[in-house]
Amino acid sequence: MTNQDTATTKFKVRDQMPDDSLHSGDGAGGDEEVIPLSAAQMQVAASNLLRAELVVAVCFFLSLLGFAGFGAAYWQGASDIWLGTFLGIGAVTFGVALTAWGKYLMPRGPFEEPRKLMAVKPEQRELVIGDFASRGKVAIERRGFLFKIMGAAATVFGIVVAFPLIRSLGPVPDKQLDKTKWKKGSYLTTLEGKRVTVKSIDVGSILTVFPEDDIGGALSQTVLIRLQETGDIVTRKGRETWGPHGYVAFSKVCTHAGCPVGLYEELTQQLLCPCHQSLFDVRIGCEPVFGPAPRPLAQLPLYVDGSGNLRAQAGYDEPVGPGFWYRGGTT
Amino acid sequence: MIERLYAWIDDRLALSRGGRTILNKIFPDHWSFLLGEIALYSFVILLATGVFLTLFFVPSAHEVVYSGSYAPLRGTKVSEAYSSTIDLTFAVRGGLLMRQMHHWAANIFVGSIVVHMLRIFFTGAFRRPREVNWMVGSTLLILAIFNGFLGYSLPDDLVSGTGIRIAFSITESIPFVGTYLAFFLFGGNYPGTSIIPRFYILHVLILPLLILGLLSAHLGMLVHQKHTQFRGKGAREDNVIGSPLWPVFVAKTTGFLFLITGVTALLGALVQINPIWQYGPYKTYLVSYAVQPDWYMGWLDGALRVMPSWEIHFPGHMIPNAFFPGVLMPGVTFALIYLWPFLEEKLTGDRAEHHLLDRPRDRPLRTATGAAVFAFYFVLFGASATDVLANYLSLSLNFVLWSFRILCIVVPLVVFPVTYKICKELQATPGAGKRKRPNIVIRSEEGGYEAVPAAQYPGYVHDELEPVPIDEVDVKAALVGAEPVSDGIYRIPREYR
Amino acid sequence: MRSSSSHNRRVGPTLKLIAGPAAVVAVAIAIGLLVWAPHSQPRAPLRTALVLTVQKDQATGKQLAIGETLFDENCASCHGNFAQGSKLAPNLEGLGSATVDLWVSSGWMPLANPTAEPIRKPALFSPQQSRDIAYYVASLSAGGPSIPHVNLSGASVSTGFSLFALNCAPCHTITGAGDALSNGLSAPPLHGVTALQVAEALETGPGNMPRLIGNFTPQQVNDIIAYVTKDIEHPTNPGGIGLGGVGPVAEGFIGLFVGVGLCVLIALWIGDRTEADDESGHGHHEVQGAGSDA
């Protein structure tokens, strides 16, 4: 095919069709007609055919090398970096070759086909509706009622079919979000199972603790902080006994979206939640002073028993963590 | 030989009857119509690499002791999900490449859907008759984002596990039903042991089936309604100009598939993504700093950060803070996205069918609105990196957050009039966007100058379609007996030559 | 009250208060409750000298002499001739040699500008010189933790990893990349730290860092140090470029701009552009509604 050909080329359709009920589709010219193509349309875009073909051929060859390289690298147990690089080179060059072929070595057109507007003629719609309605009519009296009662049955089905799909998935919350495993007398225990005493950690330190019967518990996780002051820490009114010997304990579950608040800024005595940067001021009861957290972290009332162990006076006085519908207001 | 094979099949399936339509189907050539294909082929890559991964991944929260080759994890109790992913990385040949290709392809998948959606929006391709396809596409976006979240949460590592905790909190923040939904989804209180297996079946079966189904509908409608096209080059509302399926489009699109595969493979080979062995297994009491979700969830994370600490309390009940940025905002977002074609129809009163596309500058209001809304979500997306930005730019964290709070209001308000102005100016400048051509200045004998435009590039041969002379049509006479289609549109048959 | 914006990295006042009042005892509760504002200074409690280590420094007279010389030449101008502090820099008494060695060997000190936030930079002194200065300063007053001895034989990186995840990752990130804290401070990245510096940091809790040494047994401390010096310093990156361990932020950036970007560029190659119209004017329909507002 040369670029200089000006004659129109016709493409013939095979003419030994046994069936005569041919029906022209939407395509240009239908199934029987020949599609005339102009020489301009059949031109290829490449101005230098030989160079274009060469580029395509070289790219395919590089692609062959790339894929072969992938195979060889795999066989040799090479690292995934090599595997992927060879695969990538092979695929990229293959793609370049194929695309260049399509772009520069195939008829560049432009080609055209007709398009029907999507809107349907009202008469045609009427015919369809007619078919629907005419055969749908049954010569009985209570058709409307039948439809209604069928609809009611179907509705009930639709509702009950959701039951196993939703309700069987899990238990209802009940009170599980309201209380943690902390209770009166719980020993503050480390992850390794050691009880925490007044001498366990240094001034200015922070430790993650749990009740002894729920080590690793997601809701009961608590941070114990030893503040600079060595006396009793009173964070808010009514909490006079909650912070013995410079120790305070707060729920580690952020009241914003539940992340563990493990980041303690010792200089400023603030807890910073790493997820969305809510800042809680430990000294005033982990009141949120910056960021999106809406409520303070719940405080665990502590006391020191006869052996110097740190224990909880009671559980948390409010649900820990982020809010939910029936949680109600804050303390 | 191929002809004989074809004849054999043809005589049994009658492919040739009506099959020419497929071969001759015309695809308009503009590059912006290929953006959807990026998404399509990324999805193909996801399926291929994903199948490989399913052959090794164990979707179980059951604890095992890791005893593989990565020393810092040896002896640590981890979930089987985590352990099997570590094994994929270190013990399965090609496993890390497949994991990384899968993850990069997912990022490219969602990114290309967004880019494609922007193209559809700014060129008005969502107008009648394509409103349904717009809604199908928007659903595909939601499914893609959601499936991505499920996918990167499967390995049960520290970073993605934190995201699952946040997802639980957002679910439980929904008024009335939130806690029930959260408990049903997780099979109990957080964390439970069901979430990984459930995420798994959602991620590999249920959502891909939904995506495949909707994708088929999406492409089917595209084929049935035929593609839109830009004006110019003889394009009209009742034709399609471009390249035929065979051979040009098949060659180009298959080439594109390989190119996208190549890009994904090179990324998967050379740039590490989601190094879960460095993150360690998820435990409910662990957390890391500088943790963000994957970028397509970034707008949600940013919204959670910039939202002020408001909460609504009634006696005995509350609407928690996380509900507003986590549930309400995305709900409004997607409602707006779904309803946009109908909103625009109402606002402009334009109920006609459109198969020709707008240039964005020709619809300044729509373009400005789209740009402003996109800018809003872009700022939210940027806000998910407050801590990383503060660290990188050596700024105060507080300052960065406040800046984002202000920017997410100010930037859209600024983008809107600026975009509008740019559109109007582009409209007013006749040569805007056209390739500039140099002028060759020739001096005439008399001494005057003449400027002649040079060829567009060396060797350029201008071979546009020649204008076809159109017969004068007597409209009134033609309308007699013409078939009304709808809404004042009539079909006047035109003979093809 | 200092103003914010470009000056919120000012940690000069913080430095002053780190050292706190001298050595001793008591319980000086000097905390006022400041209503927090974005640009306010951090409240800084006075630090007491409540410490655990009792080990005495093993410094020779020669080392002390070297330390004194170096101190006089480089530190005394701000910290005073006897490390008693001044308007420019805090009192160093009672801080112990571990503190001084950490601050000097990490390059936080000396500080060219007394009001700047200390950042890690190449140390001005050799490790031995840094220790000499530390011994000298510690010899000026009693108290404070000594430079610890690190013994990594038998250390377990897997135990260290678990401990690191619980105690260090919330500030320094799980990959040790560091991140911003509130009020312009930051948890520094852990790349390039020595084993001794890790031990000293745990021992002394510099800046905003809690004093975590009491949380661990000595073996656990060594495990953490082993993990940091092995796998944080030299992370295993079989997947290619590590992107600094920053995580999804960097990955999203690459995925969008490199991944999607490259694919869009490829699309630009494959498809047509809207061609310029030719000068005959043919082919360019006057767009319906061009110049319209809607």
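## Chat about a predicted three-chain model

Colleague: Let's start in chain B. Which residues does Ser160(B) touch, leaving out those up to four places away in sequence?

Modeller: Two come up: Tyr152(B) and Ser153(B). Keep in mind that this is a predicted model.

Colleague: Which helix is Ser160(B) in?

Modeller: Helix α7 of chain B, which covers residues 158-172.

Colleague: Is Ser160(B) buried or exposed?

Modeller: Buried. Its relative accessible area is 3%, and the cut-off for buried is under 20%.

Colleague: Staying with chain B, which peptide bonds are cis?

Modeller: I can give you two. One runs from Arg128(B) to Pro129(B), with omega near 5°. Another runs from Tyr190(B) to Pro191(B), with omega near -5°.

Colleague: Where do Pro129(B) and Pro191(B) lie?

Modeller: Both are in loops. Pro129(B) lies between α5 and α6, and α6 spans 131-153. Pro191(B) lies between α8 (178-186) and α9 (195-225).

Colleague: Why flag them?

Modeller: Because most peptide bonds are trans, and most residues other than glycine have a negative phi.

Colleague: Then which residues have a positive phi?

Modeller: Lys226(B) is one, with phi near 65°. Gln277(A) is another, with phi near 60°. Neither is a glycine.

Colleague: Where is Lys226(B), and is it buried or exposed?

Modeller: Lys226(B) is in the loop between α9 and β4 (239-244) of chain B. It counts as buried, at 10% relative accessibility.

Colleague: And Gln277(A): which loop, and buried or exposed?

Modeller: The loop of chain A between β9 (270-272) and β10 (279-281). Gln277(A) has a relative accessible area of 2%, so it is buried.

Colleague: New topic. Which residues touch the most other members of the largest nonpolar core?

Modeller: Leu271(A), Phe280(A), Val282(A), Phe256(B) and Phe71(C). The core has 199 residues.

Colleague: Which element gives the most to this core?

Modeller: Helix α5 of chain B, residues 95-123, with 14 residues.

Colleague: Take Val282(A). What does it touch?

Modeller: Setting aside residues up to four places away in sequence, its contacts include Ile225(A), Leu227(A), Val248(A), Phe250(A) and Leu271(A). Thr235(A), Tyr264(A), Gln269(A) and Gln270(A) are also on the list.

Colleague: What lies apart from that core?

Modeller: Another core, of 17 residues. Leu188(A), Val209(A), Leu224(A) and Val320(A) are among them.

Colleague: Why would nonpolar side chains end up together?

Modeller: In soluble globular proteins they tend to be buried together.

Colleague: On to chain A as a whole. How many helices and strands?

Modeller: Six helices and 14 strands. Of its 331 residues, 47% are buried.

Colleague: Which domains are assigned in chain A?

Modeller: Domain 1 is 44-104, domain 2 is 120-152 and domain 3 is 206-312. Between domain 1 and domain 3 of chain A, the C-alpha centres lie 60 Å apart.

Colleague: And the domains of chain B?

Modeller: Domain 1 runs 25-329 and domain 2 runs 447-496. In chain B, 45 Å separate the C-alpha centres of domain 1 and domain 2.

Colleague: Now chain C. What is its secondary structure?

Modeller: Ten helices and two strands. From the N terminus, the order is α-α-α-α-α-α-α-β-β-α-α-α.

Colleague: Last one. How much area do chain B and chain C bury between them?

Modeller: About 6,600 Å², with 62% of it on carbon and sulfur atoms. The contact takes 81 residues from chain B and 76 residues from chain C.

Colleague: How many salt bridges across that interface?

Modeller: Zero between chain B and chain C, by the rule used.

How values were computed
Residues numbered from 1 in each chain as written. Chains lettered and ligands numbered in written order. Predicted model: local features only at pLDDT ≥ 70, side-chain atom pairs only at ≥ 80, totals over all residues. Heavy atoms only, no water. Core = buried A, V, L, I, M, F, W, Y, C linked by side-chain atoms within 4.5 Å. Buried < 20%, exposed > 50% of the residue type's maximum accessible area, 1.4 Å probe, protein only. Helix = DSSP H or I, 4+ residues; strand = E, 2+ residues; numbered from the N terminus. Contact = heavy atoms within 4.5 Å. Domains from an automatic or database assignment. Buried area = accessible area lost by both parts, 1.4 Å probe. Salt bridge = Lys/Arg side-chain N within 4 Å of Asp/Glu carboxyl O.
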